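Thanks for coming. Please have a look at the model first.

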Amino acid sequence: MTSPVPEERLVATMRRMELFVIESGPASAPGTLEVLPEHLAHQIRLEREGILFGAGPVWEEGSDIPVAGMIIIRASGFEEARRIADSDPFHIRGLRSYRLRRWNLNEGAMTVTVRLSDQSAEFR
């Protein structure tokens, strides 16, 4: 029996959460503002169903205007992830196109503070 190589020992305990990243752009196109409420309602539905891991606009360095959106979802594979991406109102109406990528979340940390007195939460 051989011993694991140092790299294997380093990754042996990592979470290895498989997620899918939808890069959606351009961030702004004619008609975007009219469909934005429907898009946000869609995102909230995905969040409540446990599909949405995180989402928000993306900026390039030096720009004050978002260039794209990034949506990180839980899915069983590319087929399901594509079905979810295709259901976004921006994509349905052709206001945005997207690139789909698989992402393994291995490292990082999150702190959550929940205040019972005022029912607020803070994430860092």
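To begin with a definition, the expected span of a helix is 1.5 Å times one less than its number of residues. Helices here are DSSP runs of H or I with at least four residues, strands are runs of E with at least two, and both are numbered from the N terminus. The model is predicted, so local features need pLDDT of at least 70 and side-chain atom pairs count only at pLDDT 80 or more, while totals for chains, interfaces and linings use all residues. Residues are numbered from 1 along each chain as its sequence is written, and side-chain values use heavy atoms, with hydrogens and water left out.

Now helix α2, residues 32–48. Its 17 residues should span 24 Å at 1.5 Å a residue, and the end C-alpha atoms are 24 Å apart, which agrees. Even so, α2 has a kink of about 25°, centred on E38; the bend at a residue is the angle between axes fitted to the seven residues ending there and the seven starting there. After α2 comes G50, with a positive phi near 80°.

Which residues of α2 are buried? They are T32, V35, H39, H42, Q43 and L46. Buried means under 20% relative accessible area, exposed over 50%, and partly exposed in between, with a 1.4 Å probe and protein chains only. Their cover includes β2, β3, α3 and α4.

Take Q43: it counts as buried because its relative accessibility is 8%. Leaving out residues up to four places away in sequence, Q43 touches L52, A55, I71 and D88, where contact means heavy atoms within 4.5 Å.

Finally, V112 lies in strand β5, residues 112–115. V112 has 43% relative accessibility, so it counts as partly exposed.
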